[in-house]
Amino acid sequence: MNELISELGKDRKKLKQAIRDPVLFTQIFLNHEPHEAQKQILRDRHQFKTIVAGRRFGKTKAMAFSTIHYAITHPGSIQFILAPSYNQANIMFWEITTLLSKSILVHLVERVYKTPFSKIIFKNGSEIHARSTTKPEYLRGHKAHRVILDEAAYIPDDVISQVVEPMLADYNGSWIKIGTPFGKNHFYDTYLKGQSEGFPDYSSYRFPSTANPHISHEFIEKKKREYGENSIIFRTEYLAEFIEDQNAVFKWADIQKNIAGIQLIDKGISGRRYVIGVDLAKYMDYTVIVVLDVTEKPYRLIYFERYNRRPYAETIFRIKDLHKRFNLARVLIDSSGVGDPVLEDLQGIGAEGYVFTSKSKVQLINRLVAAMENGEVKYPYIEDLIKELQFFEYQLTRTGIKMGARQGFNDDCVIALALAVWIAEQHSHKVLRRVYGATG
Ligand SMILES: Nc1ncnc2c1ncn2[C@@H]1O[C@H](COP(=O)(O)OP(=O)(O)O)[C@@H](O)[C@H]1O
Ligand SMILES: [Mg+2]
């Protein structure tokens with residue numbers, strides 16, 4: 001603390017204020033001005049806080065301010081930043097290290113570790129750790145004074161009760177959950193507790209993205225036009241409302257329960273069996289390539305690639321290469337339209353095609369729905385994939401019910417995953433070119 005005192009000269013009163021008030025602390029030591037909604041969150045002293053906020057609200061930044069303030073003002077404290085993926089946890093972690101590196105507080109940092117897990121040790125004995133919740137075994141046995149859960153809605157209920165709560169038991173610690181809404185799980189429950197009089201230790205907030213004055217309102221207006229003001233996407237992602245889509249093909253609970261801690265790889269392990277599903281870009285959408293390890297159930301997504309605006313020749317090259325790298329994996333591609341000539345080019349590796357009609361599409365997707373309901377296919381937290389699953393819907397048309405991405409969204413990830421699950425279950429025949437779907 002000596003550095004702090006000298007920084008503020010003899011103004012001990014101001015220093016004391018800054019220690020007590022995280023907003024003043026952020027202004028003085030982190031050179032940032034929290035916006036009004038962030039101020040409310042920072043100053044809230046409840047043990048259990050749930051903050052529901054739209055995309056780009058400034059969730060990560062607010063938690064970075066708060067975590068640093070706590071570490072400095074609570075010597076010897078242990079804090080864990082937890083998120084559904086290690087990447088996501090590290091976004092906040094690096095925000096913290098960046099803020100510290102530009103601050104006088106950098107003198108209070110003892111050491112920053114990147115391996116085996118991200119960790120900051122302060123000279124006052126405080127620690128900040130970043131971890132993913134998808135590997136609960138790495139968290140068991142750790143004690144914490146405070147846990148920050150980013151994108152909390154994507155963290156399964158049982159991780160909260162079996163991992164997070166036990167971590168806090170020793171010190172009667174506190175947690176902060178922050179995220180955009182997704183389904184009605186623990187995040188929704190504690191949001192309601194925070195709103196209710198019956199739970200004095202809980203508080204909760206809900207803020208739209210527009211509460212952040214640092215993001216362009218033009219951007220939000222554009223999203224509103226793109227998705228529609230009353231669309232589920234706009235209302236959950238930007239207005240932060242808890243609404244489940246009645247037309248959703250995949251139940252949100254099913255999407256969530258299959259998120260697992262899987263390390264992506266780019267080469268197959270010998271002795272294991274893989275399959276590849278490919279959805280090819282048409283016009284403006286994306287090519288998505290998914291590789292599943294199907295050696296046993298549940299199948300596990302272990303490779304994922306998504307790109308656009310590249311020539312088909314490159315995609316053909318990529319597929320051939322992946323086929324080789326993943327133990328001569330069977331390949332199924334969407335062979336409607338542009339897919340047909342691509343399939344021709346992939347004859348050498350025995351790639352198979354799936355022709356889409358509205359009927360064959362329903363059949364393909366229903367197989368994925370069942371696999372997810374039964375917990376037969378696991379994937380890591382990949383934002384594009386999760387969001388596409390979330391916003392894949394039934395659509396009523398004049399000729400009947402269709403399935404597809406909600407307007408303004410893509411379904412390439414969903415289709416690629418569905419194709420991979422489909423091919424995993426077809427008996428392998430020594431045919432060079434086989435086409436599924438067309439005949440139902
Ligand atoms: N208090 C602040 N001062 C300056 N910029 C901010 C502040 N809060 C958020 N931002 C900026 O707003 C954007 C969104 O913030 P971020 O924390 O990444 O949002 P979220 O985690 O909610 O998606 C980022 O560019 C971030 O730097
Ligand atoms: Mg964030």
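Predicted model: local features only at pLDDT ≥ 70, side-chain atom pairs only at ≥ 80, totals over all residues.
Ligand 1 is considered first. Around ligand 1 there are 14 residues. Gln-38, Gly-58, Lys-59, Thr-60 and Lys-61 come nearest among them. A polar backbone atom of Glu-33 is 3.0 Å from a nitrogen atom of ligand 1. The side chain of Gln-38 also places a polar atom 2.9 Å from a ligand nitrogen. An oxygen atom of ligand 1 is 3.0 Å from a polar side-chain atom of Asn-212. On its own, ligand 1 has 560 Å² of accessible area, and the protein covers 78% of this.

Helix α7 spans residues 157-169, 13 residues in total. From first C-alpha to last, α7 reaches 17 Å. This is close to the 18 Å expected at 1.5 Å a residue. Six positions of the helix are listed as buried: Val-159, Ile-160, Val-163, Val-164, Met-167 and Leu-168. An α-helix has 3.6 residues a turn, so residues three or four places apart point the same way.

Strand β7 contains Lys-177. Lys-177 counts as buried because its relative accessibility is 1%, under the 20% cut-off. The side chain of Lys-177 makes a polar contact of 3.0 Å with the side chain of His-186. Beyond four places in sequence, Lys-177 touches Lys-49, Thr-50, Ile-51, Leu-149, Ala-152, Ile-160, His-186, Phe-187 and Thr-190. One of these contacts, Ile-160, is also among the buried residues of α7. Lys-177 and Ile-386 are 209 residues apart in sequence. Their C-alpha atoms are 20 Å apart in space.

Ser-77 lies in the loop between α5 (59-73) and β2. Ser-77 is buried because its relative accessible area is 2%, again under 20%. The side chains of Ser-77 and Ser-126 are joined by a polar contact of 3.2 Å. Leaving aside residues up to four places away in sequence, Ser-77 touches Tyr-70, Ala-71, Gly-125, Ser-126, Glu-127 and His-145.

Both polar residues are thus described by burial and by a side-chain partner. Lys-177 is buried and pairs with His-186. Ser-77 is buried and pairs with Ser-126.

Notes:
Residues numbered from 1 in each chain as written. Chains lettered and ligands numbered in written order. Heavy atoms only, no water. Helix = DSSP H or I, 4+ residues; strand = E, 2+ residues; numbered from the N terminus. Expected span 1.5 Å × (residues − 1). Buried < 20%, exposed > 50% of the residue type's maximum accessible area, 1.4 Å probe, protein only. Polar contact = N/O pair within 3.5 Å; in protein donor to acceptor, adjacent residues only side chain to side chain. Contact = heavy atoms within 4.5 Å. Near = heavy atom within 4 Å. Areas by Shrake-Rupley, 256 points an atom, 1.4 Å probe, with all protein chains shown as cover.
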